Amino acid sequence: NGLYYFRESIFQALPVLYRNLERALDAVYGEEGGRTAIRVPCLLRFGSWIGGDRDGNPFVTPETTALAARLQNQEILREYLRRIEELNRRLTYSSSLVTPSPVFSASLEADARQMSALFADAPRQYAQEPYRRKLFLMYHRLQHNHDQARARGEGHPDAPSASFWGYAGEQAFLAYFYMIRDPLLAHGDRAVAE
């Protein structure tokens, strides 16, 4: 039941809070550079008593706590997958109109080679839309993370297969978003990048 609040409020409220903080920094400290001069700190950290309330309840075991953490992890990954799908529908830039950075292009080519099986039926899928192609690959990488989390939750071994494409951690995942954001900023699409 606690996961309901992730979907119905936390996922929507958190970005709004940070976006409002960025706007406030621009409004108050605009002459000093606003949010570009003052790094917005990570103000919120999440924790949960769900599955971890060690108050004598005999049904709350270490296995219960591990299950609760895995379910929360899966919920977050599902939300990220949903948001990548949404971005894929929005970032429809044609390569005839924009030129992604060399770092972005190299990363896109490397991912496309590593995950070439995804393009077996349609090798040219999103070939003229670099951001959509990257997001398509990101979706499948993250889907591997989700599948691995689900397998752990179902008691399967958690060792990734030889063809595991997922992200090693959150910094690797975030780096891909910066690879998309930076070229958008470079070709004058700050509003879209933000």
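A residue counts as buried at under 20% relative accessible area, as exposed at over 50% and as partly exposed in between, using a 1.4 Å probe and protein chains only. The model here is predicted, so local features need pLDDT of at least 70 and side-chain atom pairs count only at pLDDT 80 or more, while totals for chains, interfaces and linings use all residues. Residues are numbered from 1 along each chain as its sequence is written, and side-chain values use heavy atoms, with hydrogens and water left out.

On to the rings. Ten aromatic pairs turn up in the structure; rings of Phe, Tyr and Trp (its six-membered ring) pair if their centres lie within 6.5 Å, with planes under 30 degrees apart called stacked, over 60 edge-to-face and the rest tilted. One of these pairs is Phe6 with Phe11, which is tilted because the planes sit at 55°, with the centres 5.8 Å apart. Both Phe6 and Phe11 are buried.

Tyr80 and Phe173 also make a tilted pair, since their planes are at 35°, with 5.4 Å between the centres. Tyr80 belongs to helix α3 (residues 62-90) and Phe173 to helix α6 (residues 170-186), so this pair ties together parts 93 residues apart in sequence; helices here are DSSP runs of H or I, at least four residues long, numbered from the N terminus. Phe173 is buried at 8% relative accessible area, whereas Tyr80, at 36%, is partly exposed. Ring pairs join Tyr80 and Phe173 with Tyr167, Tyr176 and Phe177 in a cluster.

Conventions. Helix = DSSP H or I, 4+ residues; strand = E, 2+ residues; numbered from the N terminus.
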